[in-house]
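Please examine the sequence and the three-dimensional structure shown here before reading further. The paragraphs that follow lead from domains to charged pairs and then to one helix.

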Amino acid sequence: MPPITISSFAKINWTLEVLGRLPNGYHELHTVFQTVDLCDRLTFEITTVPDIRLSCNWPELATDESNLIVRAARALQQFGRIPQGVNIHVDKRIPTGAGLGGGSSNAAVTLLVLSQLWNVPATSTDLQQLAEPLGADVPFFLSGGTALGTGRGDKIEPLPDVAPQLLLLVNPGIHVPTGEIFRKLSPQLTKPKTARILPAYFFPPKSDYLTHLCNDLELTVFETYPTIGLVRQKLLDSGATAARMSGSGATVFGVFADEAQRTQAITLLAQSGWQVWPCKTVNQTEYKESFKF
Ligand code: C5P
């Protein structure tokens, strides 16, 4: 079989509310995820020997057993008792550790693609169970589109698609340590009442849902890294209808009403030396289509 190349999309969080601390040390979240068309490209080539080999266009990315792609492939291989192996190449474009879920997306794509290529009789529940230990964001990328994440963010309920949105992702090149931010956060957790109300703006999306975007990690992140707060302010100043940090940052997304305004913002923001990626939302149908081969 010839090698197969598949897109592995990034995500943003339209909302991210922290409800409290779970007994396992993680935090309970209510988050509305959205896939966007900034993507890595993953190439899979099945081999007759059982080895799982990974290569990458970024030499600094670990390609050993610590990489989520290798861990996902290994977990599936063991689950299905598969005698074959795979060579995987990842062409990285999504910045790592940036709140865009790149590594989690790669892991979910690996599960979805290899279950087909290796003919693993895995149900969607099996894939969900394989995805959960790999990371809190991995289960979302099994379905993509717009979805509510509860628990650690790993219990996924698909939501109706939002209308296509033009976005600008901006990253000032800061690495935010997610665990540290969650630990600093505890005194200011969202009140449970508010947390239950916010996702309702997406059932189905109300016309004003963009005015209800939120991220409970922003305050703590902006205090520690003021530049990230500045990115958000500059996005708003340059005409974004709404702007929020994605996940624990450092990427901030802006929503733009039209292409001309976004083009103007790209010029302005790139002047600060920040990385900018124009992109758009990917709905659930488009996401599913991307796995057809
Ligand atoms: O899921 P990920 O591995 O990116 O999470 C990094 C760290 O962030 C976790 O080890 C944990 O300390 C914290 N976290 C949390 N609650 C979540 C997600 C992450 O406390 N729901």
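A salt bridge is counted where a side-chain nitrogen of Lys or Arg lies within 4 Å of a carboxyl oxygen of Asp or Glu. Side chains of opposite charge can pair when their charged atoms come close. The model is predicted, so local features need pLDDT of at least 70 and side-chain atom pairs count only at pLDDT 80 or more, whereas totals for chains, interfaces and linings use all residues. Residues are numbered from 1 along each chain as its sequence is written, and side-chain values use heavy atoms, with hydrogens and water left out.

The chain is divided into domain 1 (4-160 + 283-289) and domain 2 (166-280), with bounds that come from an automatic or database domain assignment. The centres of the two domains, taken over C-alpha atoms, are separated by 23 Å. Domain 1 contributes 28 residues to the contact and domain 2 contributes 39 residues, where contact means heavy atoms within 4.5 Å. The size of an interface is often given as the accessible area lost when the parts come together. Here domain 1 and domain 2 bury about 2,700 Å² between them, 66% of it on carbon and sulfur atoms; this buried area is the accessible area (1.4 Å probe) that the two parts lose on being put together, summed over both. How many salt bridges does the rule find across the interface of domain 1 and domain 2? The rule finds 1.

In the structure there are 12 salt bridges. Lys11 pairs with Asp137, and their closest N and O atoms are 4.0 Å apart. Because Lys11 belongs to strand β1 (residues 4-21) and Asp137 to the loop between α3 (124-131) and α4 (140-143), this pair ties together parts that are 126 residues apart in sequence. Helices (H or I, at least four residues) and strands (E, at least two) are DSSP runs, numbered from the N terminus. Is Lys11 buried or exposed? Lys11 is buried, with a relative accessible area of 2%, while Asp137 counts as partly exposed at 22%. Buried means under 20% relative accessible area, exposed over 50%, and partly exposed in between (1.4 Å probe, protein chains only).

A second salt bridge joins Asp40 and Lys92, whose closest N and O atoms are 2.6 Å apart. Asp40 lies in strand β2 (residues 27-47) and Lys92 in the loop between β4 (85-91) and α2 (102-117), so the pair ties together parts 52 residues apart in sequence. Both Asp40 and Lys92 are buried. Lys292 and Glu289 also form a salt bridge, with 3.0 Å between the closest N and O atoms. Of these two, Lys292 counts as exposed at 61% relative accessibility, and Glu289 as partly exposed at 44%. Elsewhere, salt bridges that share partners join Glu132, Arg152, Asp154 and Lys155 into one network.

The last stop is helix α8. Its 12 residues (226-237) reach 16 Å from the first C-alpha to the last. Which residues of α8 are buried? They are Ile228, Gly229, Val231, Arg232 and Leu235. Seen down the axis of α8, these buried residues fall within an arc of 150°, so they line one face of the helix; the arc is that of the directions from the helix axis to the C-beta atoms. An α-helix has 3.6 residues a turn, so residues three or four places apart point the same way. Among the elements covering the buried residues of α8 are β7 (166-171) and α9 (259-270). The face turned away from the buried side carries the exposed residues Pro226 and Asp237.

Notes: The expected span of a helix is 1.5 Å times one less than its number of residues.
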